[in-house]
Amino acid sequence: MLTQAPKGTKDILPEDIYQWNYVEKEFSELCQRFGYKEIRIPVFEHTELFQRGVGDTTDIVQKEMYTFQDKGGRSITLRPEGTAGVVRSFIEHGMSSLPQPIKLFYKITAYRYENVQKGRYREFNQFGVELLGAADPSADAEVISILAMFFEKLGIQNLELNINSIGCPKCRSKYNEKLKEYISQFLGDMCDTCKDRYNRNPMRILDCKEEKCKTLMKDAPALLDNICDECRTHFDSVLEKLDAINIPYNIDKGIVRGLDYYTKTVFEFVSKNIGTQGTVCGGGRYDGLVEECGGAPTPGIGFAMGVERLLLEMQSQSIEIPKPNPPDIYIGAIGHKASLACEKLAWELRRQNITCIKDIMGRSVKAQLKYADKIGARYVLILGDDEIESNKAKLKDMQTGETKDITLDTLINRLLKIKG
RNA sequence: GUGGGUAUAGCUCAGUUGGUUAGAGCGCCAGGUUGUGGCCCUGGAGGUCAUGGGUUCAAAUCCCAUUAUUCACCCCA
């Protein structure tokens with residue numbers, strides 16, 4: 001146990017970190033290109049924020065939160081997602097009096113106590129965007145287009161965009177009545193969880209994977225066919241805008257996001273080849289959330305993307321991520337005098353932005369060369385007494401194996417030139 | 001919370017019907033004359049055979065439990 005990371009957590013090792021750095025950088029750059037600014041929010045919040053924001057009836061709040069009491073007796077929860085914290089920050093810092101809309105993005109870890117499987121961990125990483133203060137369908141389309149462009153930028157193909165509208169509270173309560181009426185005739189034949197859902201959140205029954213429930217629900221009225229005129233117009237307009245920028249989508253009447261705050265547009269990008277947890281990202285509109293959390297009524301829309309799933313998908317599509325450059329030069333020293341000269345030289349090279357590795361093991365020349373080879377150094381310079389005397393050294397090109405005489409004074413310029 | 005698979009060196013894996021001191025490849029470290037990598041050769045370090053019980057003269061091997069891991073259900077990113 002002592003030497004084992006807790007269940008559902010993972011080290012990201014030095015040999016893999018370039019992949020994370022790459023997608024993080026690409027995401028940040030793209031968001032900024034759309035006018036979004038990064039926000040960093042706390043890893044933990046007051047538990048009630050998530051109870052209120054994510055919703056008391058959700059699985060996340062009911063059984064998946066890392067909740068504990070701090071030494072001051074407060075109930076604290078590790079964030080299970082990012083939206084609630086961002087909304088809290090929006091309210092706390094009075095962002096409604098900044099020029100609207102507020103466009104934010106973030107890169108966070110999140111925590112859910114669930115059983116682990118492929119593409120699902122207890123500590124996981126999300127990239128997210130929240131757009132607050134814009135009620136227009138253009139906002140929905142913009143947020144979705146960030147994702148489409150992000151995938152395009154990374155070279156990811158064939159993710160399916162599924163989209164739906166789950167209406168506003170008004171049409172949803174009407175629909176819930178209608179749905180319950182439909183279900184009531186054979187409620188007795190459904191699975192236990194669905195019986196439970198019937199009272200708490202009947203819409204979830206549409207999502208049940210039990211065969212018997214599925215067949216019973218086959219002819220159930222779809223929410224999308226029962227939303228009010230305003231929601232319908234909004235939805236049609238979102239689709240029209242997606243068409244205008246050639247983003248393909250499937251209308252999926254079955255999408256019911258698992259968080260209570262969603263209204264109107266909900267969507268997800270799904271992969272078929274990274275296992276059963278194929279949702280790479282999901283999002284939607286949450287026009288009631290800011291008010292629910294104590295702010296002025298403010299529309300909002302956003303998404304969250306699972307970075308582990310994103311990387312899985314990139315691997316499954318064999319997308320190559322640029323690897324970091326190997327060291328420009330390795331400097332080896334023989335003897336005391338040389339090692340002092342070597343310190344000075346390495347310092348100067350590094351100051352000039354040259355990646356320089358030097359011996360700190362006191363190894364033999366042969367071992368130093370071996371090491372330089374293993375770390376992929378482009379050049380090797382060996383310094384001994386002779387070189388210091390003559391102020392000349394042999395610079396070895398590790399790719400060709402050639403060595404050339406070079407005066408030490410010109411080394412830096414020479415390397416800078418080679419680097420381009 | 002539920003079900004299946006798996007657990008031997010840093011990594012990938014052998015290990016016979018239970019039978020001496022548990023192996024290989026890769027990796028790591030050192031060496032193969034005086035100051036030069038890759039290939040080759042030699043040597044070395046590194047294992048509580050996941051943990052705890054049980055059966056047996058004898059267990060990495062058979063049985064039970066626990067833990068971890070993995071895949072799936074549920075749910076989600």
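Which residues touch the most other members of the largest nonpolar core? In this predicted model, local features need pLDDT of at least 70 and side-chain atom pairs count only at pLDDT 80 or more, while totals for chains, interfaces and linings use all residues. Residues are numbered from 1 along each chain as its sequence is written, chains are lettered from A in the order written, and side-chain values use heavy atoms, leaving out hydrogens and water.

Back to that core: Phe151, Met305 and Leu310 touch the most other members among its 93 residues. A nonpolar core here is a set of buried Ala, Val, Leu, Ile, Met, Phe, Trp, Tyr and Cys residues joined through side-chain atoms within 4.5 Å, and buried means under 20% relative accessible area with a 1.4 Å probe, protein chains only. Helix α5 (residues 137-154) gives the largest share of this core, nine residues; a helix is a DSSP run of H or I with at least four residues, and a strand is a run of E with at least two.

Now zoom in on Leu310. Leaving aside residues up to four places away in sequence, Leu310 touches Val23, Phe127, Phe150, Phe151, Leu154, Ile156, Val280 and Met305, where contact means heavy atoms within 4.5 Å. There's also a second, separate core of 20 residues, and Ile354, Tyr379, Ile406 and Ile412 are among them.

Next, step back. Chain A has 15 helices and 16 strands. Its radius of gyration is 28 Å, well over the 22 Å that the globule rule gives for 420 residues, so chain A is more spread out than a compact globule. That radius is taken over C-alpha atoms, and the rule is 2.2 Å times the number of residues to the power 0.38. Buried residues make up 48% of the 420 in chain A.

How values were computed. Buried < 20%, exposed > 50% of the residue type's maximum accessible area, 1.4 Å probe, protein only.
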